[in-house]
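Please have the sequence and the structure at hand while reading.

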Amino acid sequence: MLVKTGDEDRQAFRELYQLTSAKLFGITFRICGERQAAEDVLHDVYLTIWKRAGAYEPSRASPITWLATIARNRAIDWRRAQTIRRASPIEDAPPIADSAPLVSDTMVADQDASLLHGCLDTLERRQQDAIRTAFFDGTTYADLALAQNVPLGTMKSWVRRGLLKLKECLES
């Protein structure tokens, strides 16, 4: 019957299926452990048998041994594939480091910046400009004095008095 299946005899293949499907299903079910998976594997087993029956050599093994080996190997392949594909739930995944600052830190920084700019706005215009240019742009006092056409000591005095007023504002 297996040799005839190898010759693409559909009737022989049908009879072979009727005679062996229960045993081969038992093999696949035992290894897969799931009825649906065992049925899917059994389907693949019979496709393989249909394609390879011509290669069956009666001198090497009995027909049922050859068929059972195919079923066993297919079921084991399925089992291995399931092991590889299984993934852990997302809750088990290690946390991913986020380099972005926390929202709470950002909110505090925004509040501090808002407070600082609000206090800067209360200073005299020349003190505001000197402090902003010196501390936000990195300009030296000497360059500021030159740009404003005032002596360096005057510029330092504007900045110092402005910083004192700024400190008072920030602490209140």
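## Surface patch

On the surface, F135, F136 and L163 form a nonpolar patch with about 290 Å² of accessible area together. The model is a predicted one. F136 is partly exposed, its relative accessible area being 45%.

## Aromatic pairs

The structure holds 5 aromatic pairs. In one of them, the ring centres of F13 and W50 are 5.1 Å apart and the planes stand at 65 degrees, so the pair is edge-to-face; the cut-off for that class is over 60 degrees. F13 belongs to helix α2 (residues 10-32) and W50 to helix α3 (residues 35-52), so this pair ties together parts that are 37 residues apart in sequence. W50 is partly exposed, with a relative accessible area of 25%. Through ring pairs, F13, Y17, Y46 and W50 are linked into a cluster.

S21 is located in helix α2 and counts as buried at 15% relative accessibility. Not counting residues up to four places away in sequence, S21 touches L16, L42 and Y46. Y46 is also one of the residues in the aromatic cluster.

I49 lies in helix α3 and is buried, with a relative accessible area of 0%. Leaving aside neighbours within four places in sequence, the contacts of I49 are L2, T5, F13, L16, L24, L67 and I70. I49 and I70 are 21 residues apart in sequence, and their C-alpha atoms are 8.0 Å apart in space.

Another buried residue is C32, at 1% relative accessibility.

## Disulfide

How many disulfides does a search of the whole structure find? The search finds 1. It is formed by C119 and C169, with their sulfur atoms 2.0 Å apart. The angle about the S-S bond is -75 degrees, and the link of C119 and C169 is left-handed. C119 sits in helix α5 (residues 103-120) and C169 in helix α8 (residues 152-171), so the pair ties together parts that are 50 residues apart in sequence. C119 is buried, with a relative accessible area of 2%, while C169 counts as partly exposed at 21% relative accessibility.

## Salt bridges

Side chains of opposite charge can pair when their charged atoms come close. A search of the whole structure finds 5 salt bridges, among them those in the table.

| Side chains | Distance, N to O |
|---|---|
| E39 and R35 | 3.3 Å |
| R126 and E124 | 3.2 Å |
| E124 and K165 | 3.7 Å |

E39 and R35 both lie in helix α3, 4 residues apart, which is about one turn of the helix. E39 counts as partly exposed at 32% relative accessibility, whereas R35 is exposed, with a relative accessible area of 53%.

E124, R126 and K165 are linked in a network of salt bridges. R126 is partly exposed, with a relative accessible area of 41%, and E124 counts as partly exposed at 35% relative accessibility. E124 lies in the loop between α5 and α6 and K165 in helix α8, so the pair ties together parts that are 41 residues apart in sequence. K165 is partly exposed, with a relative accessible area of 39%.

Key. Residues are numbered from 1 along each chain as its sequence is written. This is a predicted model: local features need pLDDT of at least 70, side-chain atom pairs count only at pLDDT 80 or more; totals for chains, interfaces and linings use all residues. Side-chain values use heavy atoms; hydrogens and water are left out. Patches are made of residues with over 30% relative accessible area and no salt bridge: like charges are joined within 9 Å, nonpolar side chains (Val, Leu, Ile, Met, Phe, Trp, Tyr) within 5 Å. Accessible areas come from the Shrake-Rupley method with a 1.4 Å probe; for residues, only the protein chains shown count as cover. A salt bridge is a side-chain nitrogen of Lys or Arg within 4 Å of a carboxyl oxygen of Asp or Glu. Buried means under 20% relative accessible area, exposed over 50%, partly exposed in between (1.4 Å probe, protein chains only). Rings of Phe, Tyr and Trp (its six-membered ring) pair if their centres lie within 6.5 Å; planes under 30 degrees apart count as stacked, over 60 as edge-to-face and the rest as tilted. Helices (H or I, at least four residues) and strands (E, at least two) are DSSP runs, numbered from the N terminus. Contact means heavy atoms within 4.5 Å. A disulfide is a pair of cysteine sulfur atoms within 2.5 Å.
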